[in-house]
Amino acid sequence: QVQLVESGGGLVQPGGSLRLSCTASGSIFSIDAMGWYRQVPGKQRELVALIASGGGTNYAGSVKGRFTISRDNAKNTVYLQMNSLKSEDTVVYYCNAIVRMPRRDSSCTYWGEGARVSVSS
């Protein structure tokens, strides 16, 4: 069993910053990639940022230049630094990880339960 636990969500004023963290635990051999997604009620979940094991990253166009994703491989943790926050960023953010478990060649995808971000004056 693998579990992802998120933290760092909360309320911030427009233009402010937040830092989300997500730590994976359980039976883990390695993590191929970790990322953050967000989901507006009534819409499909969409990618915010992704980072591969080698450090390569992808960002949604709406957050590029404002958000930065990073990871600590030794701690199985991914971070999302969110700057210049806008009201449109008010949504639940979900951590995602593609995990390899011991003695397995294939990978499995896991999701966190979500961290709410509210941007309001």
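Which pattern does the protein chain follow when read along the sequence? It goes β-β-β-β-β-β-β-β-β-β-β. Hello everyone, and thanks for coming.

A word on the ground rules. What we have here is a predicted model, in which local features need pLDDT of at least 70 and side-chain atom pairs count only at pLDDT 80 or more, while totals for chains, interfaces and linings use all residues. Residues are numbered from 1 along each chain as its sequence is written, and side-chain values use heavy atoms, with hydrogens and water left out.

Let's start with the whole chain. The protein chain has 11 strands and 0 helices. The C-alpha trace spans about 50 × 25 × 25 Å along its principal axes. The radius of gyration is 14 Å, which agrees with the value near 14 Å for a compact globule of 121 residues. That radius is taken over C-alpha atoms, and the globule rule is 2.2 Å times the number of residues to the power 0.38.

How much of the chain counts as buried? The share is 40% of the 121 residues. Buried means under 20% relative accessible area, exposed means over 50%, and partly exposed is in between, with a 1.4 Å probe and protein chains only.

Now to the strands. Please find the open sheet of 4 strands, whose order is S1-S3-S8-S7, with antiparallel pairing. Its edge strands are S1, residues 2-7, and S7, residues 67-72, each pairing on one side only. From one strand to the next, the twist averages 15°. For such angles, axes are lines fitted to C-alpha atoms, for helices over the stretch in contact, and the angles run from 0 to 180 degrees between N-to-C directions. Two strands pair if DSSP finds at least two bridges between them. S1 has an antiparallel pairing with S3, residues 18-26, over 6 bridges. One example to look for: Ser7 has Ser21 in S3 as its bridge partner.

Next, please turn to S9. Is S9 mostly covered or mostly open? It is mostly covered, as 8 of its 10 residues are buried. S9 runs antiparallel to S4, joined by 9 bridges, and there Ala33 has Ile98 in S9 as its bridge partner. S9 also pairs with S10, residues 107-111, in the antiparallel sense over 5 bridges; Val99 has Cys108 in S10 as its partner. The hairpin of S9 and S10 has 6 residues between the strands, and Arg103 in this hairpin takes a positive phi near 65°. Finally, 3 bridges join S9 to S11, residues 115-119, again antiparallel, with Val92 standing opposite Arg116 in S11. While you look along these strands, keep one general point in mind: in a regular strand the side chains alternate between the two faces of the sheet.

My last topic is charge pairs. A salt bridge here is a side-chain nitrogen of Lys or Arg within 4 Å of a carboxyl oxygen of Asp or Glu. How many salt bridges does this rule give? The count comes to 4.

One of them joins Asp32 and Arg100, at 3.1 Å from N to O. The two are 68 residues apart, with Asp32 in S4, residues 30-39, and Arg100 in S9, residues 91-100. Asp32 is partly exposed at 24% relative accessible area, and Arg100 is partly exposed too, at 27%.

Asp89 has a salt bridge with Arg38, with the closest N and O atoms 3.1 Å apart. Asp89 lies in the loop between S8 and S9 and Arg38 in S4, so this pair ties together parts 51 residues apart in sequence. Asp89 is buried at 2%, and Arg38 is buried at 9%.

Asp89 also meets Arg66 in a salt bridge of 2.8 Å, N to O. Arg66 sits in the loop between S6 and S7, so this pair ties together parts 23 residues apart in sequence. Arg66 and Asp89 are both buried. To finish, look at Arg38, Glu46, Arg66 and Asp89 together: they are linked in a network of salt bridges.
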